[in-house]
Amino acid sequence: MMDNNIYEKILNILQEIRPDINFTSSEGLISNEILDSFDVITIISLIMEEFLIKIDVDDITPEYFDSVTNIVTLVQKNINHG
């Protein structure tokens, strides 16, 4: 089950970084090259700061960053396994 609070915080982070993208309707953020590697690094940094979590290097995969929903899944996984 997706936490709407986490979803909204991640959506805000993404919109802060790339206000030109409609993240609620965009899929394939990595596979369609909507986000670049610098965007992903910035997102990871802001997410770790916002949620006080550590994202393992093994979790920095295109699949986890291809959609807002996948990013929420990653954050929830890290919060639960803190």
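In this predicted model, Lys9 is in contact with Glu50 and Phe51, leaving aside its neighbours within four places in sequence. Lys9 has its place in helix α1. Its relative accessibility is 30%, so Lys9 counts as partly exposed. Lys9 and Ile47 are separated by 38 residues in sequence. In space, their C-alpha atoms are 8.8 Å apart.

Lys9 is one of the residues through which α1 meets α2. Two packed helices are described by the angle between their axes and the distance between the axes. For α1 and α2, the packing angle is about 140° and the axes are 10 Å apart. That angle makes α1 oblique to α2; the cut-off for roughly antiparallel is over 145 degrees. α1 passes α2 in a right-handed crossing. On the α1 side, the contact is made by Ile6, Lys9, Ile10, Ile13, Leu14, Glu16 and Ile17. On the α2 side, it is made by Asp39, Thr42, Ile43, Leu46, Ile47, Glu50 and Phe51. By class, the residues of the contact of α1 with α2 divide into nine nonpolar, one polar and four charged.

The pairing of α1 with α3 was examined in the same terms. The axes of α1 and α3 come within 10 Å and cross at roughly 120°. These two helices are therefore oblique to each other. Their crossing is right-handed. From α1, the residues involved are Ile6, Tyr7, Ile10, Leu11 and Leu14. They meet Val68, Ile71, Val72, Val75, Gln76 and Ile79 in α3. The residues of the contact of α1 with α3 divide into ten nonpolar, one polar and no charged.

In soluble globular proteins, nonpolar side chains tend to be buried together. Here, the largest nonpolar core has 23 residues. Ile10, Phe23, Ile47, Val68 and Val75 have the most contacts inside this core. The elements that give two or more residues to the core are α1 (4-17), α2 and α3. α1 gives the most, with six residues. Ile10 of α1 takes part in the contact with α2 and also in the contact with α3. Ile47 belongs to the α2 side of the contact with α1. Not counting residues up to four places away in sequence, Ile47 touches Ile13, Leu52, Ile53, Ile55, Ile71 and Val75. Val68 and Val75 are on the α3 side of the contact with α1.

Two aspartates were also examined. Asp39 is found in helix α2 and is among the residues of α2 that contact α1. At 7% relative accessibility, Asp39 counts as buried, because the cut-off is under 20%. Leaving aside its neighbours within four places in sequence, Asp39 is in contact with Ile17, Arg18 and Ile34. Of these, Ile17 is named on the α1 side of the contact with α2.

Asp59 lies in the loop between α2 (37-51) and α3 (68-80). Its relative accessible area is 9%, so Asp59 is buried. Not counting residues up to four places away in sequence, Asp59 touches Tyr64, Phe65, Leu74, Lys77 and Asn78.

Terms used
Residues are numbered from 1 along each chain as its sequence is written. This is a predicted model: local features need pLDDT of at least 70, side-chain atom pairs count only at pLDDT 80 or more; totals for chains, interfaces and linings use all residues. Side-chain values use heavy atoms; hydrogens and water are left out. Helices (H or I, at least four residues) and strands (E, at least two) are DSSP runs, numbered from the N terminus. Buried means under 20% relative accessible area, exposed over 50%, partly exposed in between (1.4 Å probe, protein chains only). Contact means heavy atoms within 4.5 Å. A nonpolar core is a set of buried Ala, Val, Leu, Ile, Met, Phe, Trp, Tyr and Cys residues joined through side-chain atoms within 4.5 Å. Axes are lines fitted to C-alpha atoms, for helices over the stretch in contact, and angles run from 0 to 180 degrees between N-to-C directions. Angles under 35 degrees count as roughly parallel, over 145 as roughly antiparallel, 65 to 115 as roughly perpendicular and the rest as oblique. A crossing is left-handed if the near helix is turned anticlockwise from the far one by less than a right angle, and right-handed if clockwise. Ala, Val, Leu, Ile, Met, Phe, Trp, Tyr, Cys and Pro count as nonpolar, Asp, Glu, Lys and Arg as charged, and the others, Gly among them, as polar.
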